[in-house]
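Hi,

Here is the structure I promised to pass on. Have a look at it before reading my notes below.

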Amino acid sequence: MDNQPTAAVDTRYWRFCILMGPVFVAVFYYCWGVLGHNFPPFAPNTPASEVAGWYRENVNSIRFGMVVAMTFAPAYGVWGYGIAKVLEEVVGKDNILVQLARVGAAWTTITLLIPTSFWLTAAFRPEALPDWMIQMLYDMAWLLIDLAYAVTSVQLFALGAGFLADKRAVPFVPKWLAWYGIWVGFMFILECVMPYFRDGAFARSGILNFWIEFIIWMVWVPVLTIYAFKAVGRIERGE
Amino acid sequence: MSTSPANTSSNTSPGFSGPGDSGVWFFIIADMCAFAVFFLVFIAGRIANPELYETSRQMLDLRFGLANTLILLTSGAFMAQAARDAQRGLWLKSRQMMIATLITGLPFGVSKAIEWKAKFDHGLSLTTNEFFTYYFVFTGIHFLHFIIGLGVLVVLLQTATDKHKAATTRLRWIEAGGAYWHMVDLLWIVLFAMLYLLRAA
């Protein structure tokens, strides 16, 4: 445990990295979510002709949205590394939880980039693709982005467990937020049933597997960011 | 038997005076909110299609539901005693009560496995209809909570008699584990009533 005064810690760029979390959420929400018709997504039982038609009519906005979303996907990883630097000041540089938090953030970035490229593929030449193929690309992207939940859970669990080990009188991250992250990691398991349903609460567009799952994760990022910013100030003051 | 009293104030979190750990309580409340949403979704589905839900409900075996309820309540009673013993500093007795909690709780897993297998043998699955979707998903997620609870209990067996840990720390985690185990009980009781007992039509 490394709870000694840490005034000498070089915190240059930390704030920039940590700021990337909310930037990622905002950009991804608009570009991937709104422009790409992913927030909320087409229900799985939407006819292929409707999905394909929407892609053909909005091809340029989808391309723009996916290109920007891919450009900003690494912002999640940058944020994750920034948060992991704060965690280092709680559990020590060599603690495996720090490594897991980093790798969880890095893997999550990959699982955001790859499906986004599938949506972009569907928008690359939609006029030449049959309806079913556009629908297949859309489905494939959703199956990957949802079912890759476990890599983000690695980050959530590692950060949760790590910040709970903070012995300061006022910890960098409050206990409730550390536990909230762990809870979000567990909640993601609902995604396991997503492939079985084309409508209802467990479908990719359903109240449980879309609205609740995505919102609880997207809330966690900015809230943790606020506490991480405060923590950087405290680290600089040697608290 | 060690009798170093732990006192009843186990918590070191500022502003929190309840039993156990404030962070674990946050987790429990968040989890119960999630289950509350599950229940609302189920009720909405039942209102929309009462005949389907009633026909499906009648295909459940009430004996399993009842047995599981009794198993978890018995196990929960032992856990409550374990927490009381820990509050009095009776660490070895607390540990024994947690072993009893484990032994009386384990049949829940066996019963659930038999019940699910019987359903699969009858051709019922996650995708049979909306009722069985909820039945399998909700009881499955509850079962996952049960498995995690068993893991927590195993860790607490070690914690109870760990002389390297302060008495307040030991008590805090035993109470927190007990609160989690009671949540598993409570959620099952609601699931039992909602899935097995309430007539939809």
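What follows is a short tour, chain by chain and then across both.

First, some housekeeping. This is a predicted model, in which local features need pLDDT of at least 70 and side-chain atom pairs count only at pLDDT 80 or more, while totals for chains, interfaces and linings use all residues. Residues are numbered from 1 along each chain as its sequence is written, and chains are lettered from A and ligands numbered from 1 in the order in which they are written.

**Chain A**

Chain A has nine helices and zero strands; helices (H or I, at least four residues) and strands (E, at least two) are DSSP runs, numbered from the N terminus. Its C-alpha trace spans about 60 × 30 × 25 Å along the principal axes. The radius of gyration of chain A is 19 Å, which agrees with the value near 18 Å that a compact globule of 239 residues would have. (That radius is taken over C-alpha atoms, and the globule rule is 2.2 Å times the number of residues to the power 0.38.)

Of those 239 residues, 47% count as buried. Buried means that 20 or more other C-beta atoms lie within 10 Å of a residue's own, exposed means 12 or fewer, and partly exposed is in between, with C-beta atoms placed from the backbone. Among contacts in chain A between residues at least 6 apart in sequence, 78% join residues at least 24 apart; two residues are in contact if their C-beta atoms lie within 7 Å.

One spot to look up is P74(A), which sits in helix 4 (residues 74–91) of chain A. P74(A) is partly exposed, because it has 17 other C-beta atoms within 10 Å.

**Chain B**

Chain B comes to six helices and zero strands. Its C-alpha atoms fill a box of roughly 60 × 35 × 20 Å along the principal axes. It has 201 residues, and 37% of them count as buried.

Helix 2 (residues 50–57) and helix 5 of chain B pack with their axes 8 Å apart, at an angle of about 55°. Axes here are lines fitted to C-alpha atoms, for helices over the stretch in contact, and angles run from 0 to 180 degrees between N-to-C directions. That angle makes helix 2 of chain B oblique to helix 5 of chain B, since under 35 degrees counts as roughly parallel, over 145 as roughly antiparallel, 65 to 115 as roughly perpendicular and the rest as oblique. Helix 2 of chain B brings L52(B), Y53(B), S56(B) and R57(B) to this contact, and helix 5 of chain B brings E130(B), F131(B) and F132(B).

**Where the chains meet**

The contact takes 17 residues from chain B and 18 residues from chain A. On the chain B side, helix 1 (22–48) and helix 5 (130–160) each give two or more residues, and helix 1 of chain B has the largest share, 10 residues.

**The core**

The largest nonpolar core has 115 residues, of which W79(A), I83(A), L87(A) and A101(A) touch the most other members. Such a core is a set of buried Ala, Val, Leu, Ile, Met, Phe, Trp, Tyr and Cys residues joined through C-beta atoms within 7 Å. Helix 6 (residues 167–197) of chain B supplies the largest share of this core, 12 residues. Leaving aside neighbours within four places in sequence, L87(A) is in contact with L97(A), V98(A), A101(A), L159(A), G162(A) and F163(A).

Cheers
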